[in-house]
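Please read the following account with the sequence and the coordinates side by side.

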Amino acid sequence: MTESVPLDAGPVRSGLVIVPTYNERENVARIIEMTLEQDARLSILIVDDGSPDGTGAIVDAIAATNERVHVLHRAKKLGLGTAYLAGFKWALGREFECVFEMDADFSHDPGHLPEFLRAIETTDLVLGSRYRNGKVTVVNWPIARLMLSYAANVYARSVTGLQLYDATGGFKCFRRRVLETIDLDDVRSNGYAFQIEVSFRAWKKGFRIEEIPIVFTDRTEGESKMSKHIVREAIWMVWRLRWWSLTGRV
Ligand SMILES: Nc1nc2c(ncn2[C@@H]2O[C@H](COP(=O)(O)OP(=O)(O)OP(=O)(O)O)[C@@H](O)[C@H]2O)c(=O)[nH]1
Ligand SMILES: [Mg+2]
């Protein structure tokens, strides 16, 4: 059985959009600007892993003149999952009522942020879904990548039991309480599996999850950080989640 937790409801007063970056020089200034113009309640935290292309310095310059812009510098490329975990802890040390995950490369359109802010009023975790209601809202992906992503979701659903259209997506909004409740120090995965693991843990704690449709567009600037290792991690991780669930660890 899942344990029940008290629920928050109603509009949030403040939100933090966490954006991990590694070599996103062409995107970072514009993603910050477009994020902040969506809603006055939003601030942004860039978690940069010492990008060799100077992304971190660009953000420092913006942060120096805008108090809604924050930056966490890490020494080297340590992976998406640990970047988000560092960002979550940073957010929990402050007063944000909700926390977003969003990519820097415009695959996640900041124009969807107001829809997330509305949806979070009546739920605990909002997921941006590319595959809701039998529709595929992905623009410009090669067919092979789309099939891999879609199959990964069918696979993750059947192994973990987590009934989501899109469990591997990384455009999300958490009520603060979700991040306070799940055991962040116990999260293991770092790539696509990170997205599944965090949603799985939230579901197991009894939180409400809602998927809203988003249009996902392939990056036009900068380079991909997707690797075979990240795919392999996801294949194994879903079985581990199932095991943890059976043994009562999550
Ligand atoms: N801080 C940090 N950010 C990362 C790391 N790996 C990826 N990112 C960022 O995480 C986001 C998602 O990574 P992407 O490279 O776009 O991954 P993807 O969307 O699967 O691949 P693309 O199809 O190329 O877009 C981007 O904002 C990256 O800059 C990392 O190791 N550390
Ligand atoms: Mg991307």
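Helices (H or I, at least four residues) and strands (E, at least two) are DSSP runs, numbered from the N terminus. This is a predicted model, in which local features need pLDDT of at least 70 and side-chain atom pairs count only at pLDDT 80 or more, while totals for chains, interfaces and linings use all residues. Residues are numbered from 1 along each chain as its sequence is written, chains are lettered from A and ligands numbered from 1 in the order in which they are written, and side-chain values use heavy atoms, with hydrogens and water left out.

Helix H5 covers residues 143-160, and its 18 residues should span 26 Å at 1.5 Å a residue, which agrees with the 26 Å between its end C-alpha atoms; the expected span of a helix is 1.5 Å times one less than its number of residues. Leu146, Ser149, Asn153, Ala156, Val159 and Thr160 are the buried residues of H5, where buried means under 20% relative accessible area, exposed over 50%, and partly exposed in between (1.4 Å probe, protein chains only). The cover over these buried residues includes strand E6 (138-139), helix H7 (192-204) and helix H8 (228-246), with contact taken as heavy atoms within 4.5 Å. Just after H5, Gly161 adopts a positive phi of about 85 degrees.

Helix H7, part of that cover, has 13 residues and reaches 19 Å from its first C-alpha to its last, close to the 18 Å expected at 1.5 Å a residue. Because ten of its 13 residues are buried, H7 is largely enclosed by the rest of the structure. Among the buried residues of H7 are Phe194, Glu197, Phe200 and Arg201. Just after H7, Gly206 has a positive phi of about 90 degrees.

The C-alpha atoms of Val187 and Thr247 are separated by 16 Å, although the two residues lie 60 residues apart along the chain.

Which residues of the protein are closest to ligand 1? Of the 20 residues that surround ligand 1, the closest are Glu24, Asp49, Arg145, Tyr192 and Ser224; a residue is near a molecule or strand if one of its heavy atoms lies within 4 Å of it. A polar side-chain atom of Glu24 lies 2.6 Å from an oxygen atom of ligand 1. An oxygen atom of ligand 1 is 2.8 Å from a polar backbone atom of Pro20, and an oxygen atom of the ligand is 2.8 Å from an N or O atom in the side chain of Arg219. The protein covers 94% of the 630 Å² of accessible area that ligand 1 has on its own.

The structure holds zero disulfides, a disulfide being a pair of cysteine sulfur atoms within 2.5 Å. Cys98 is in no disulfide, and the nearest cysteine sulfur, that of Cys173, is 3.9 Å away. Cys98 is buried at a relative accessible area of 0%, and Cys173 is likewise buried, with a relative accessible area of 0%.

Helix H3 (residues 80-92) contains Gly87, which counts as buried at 0% relative accessibility. Gly87 touches Ile18, Leu45, Val47 and Leu72, not counting residues up to four places away in sequence.

Asp124 is found in the loop between helix H4 (113-119) and strand E5 (125-129), where it counts as buried at 1% relative accessibility, and its side chain reaches the backbone nitrogen of Arg208 at 2.8 Å. Most residues other than glycine have a negative phi. Phe106, however, has a positive phi of about 70 degrees although it is not a glycine; Phe106 lies in the loop between strand E4 (98-101) and H4 and counts as buried at 17% relative accessibility. Asn133, in the loop between E5 and E6, also has a positive phi, near 55 degrees, and at 48% relative accessibility Asn133 counts as partly exposed.

Terms used. Polar contact = N/O pair within 3.5 Å; in protein donor to acceptor, adjacent residues only side chain to side chain. Areas by Shrake-Rupley, 256 points an atom, 1.4 Å probe, with all protein chains shown as cover.
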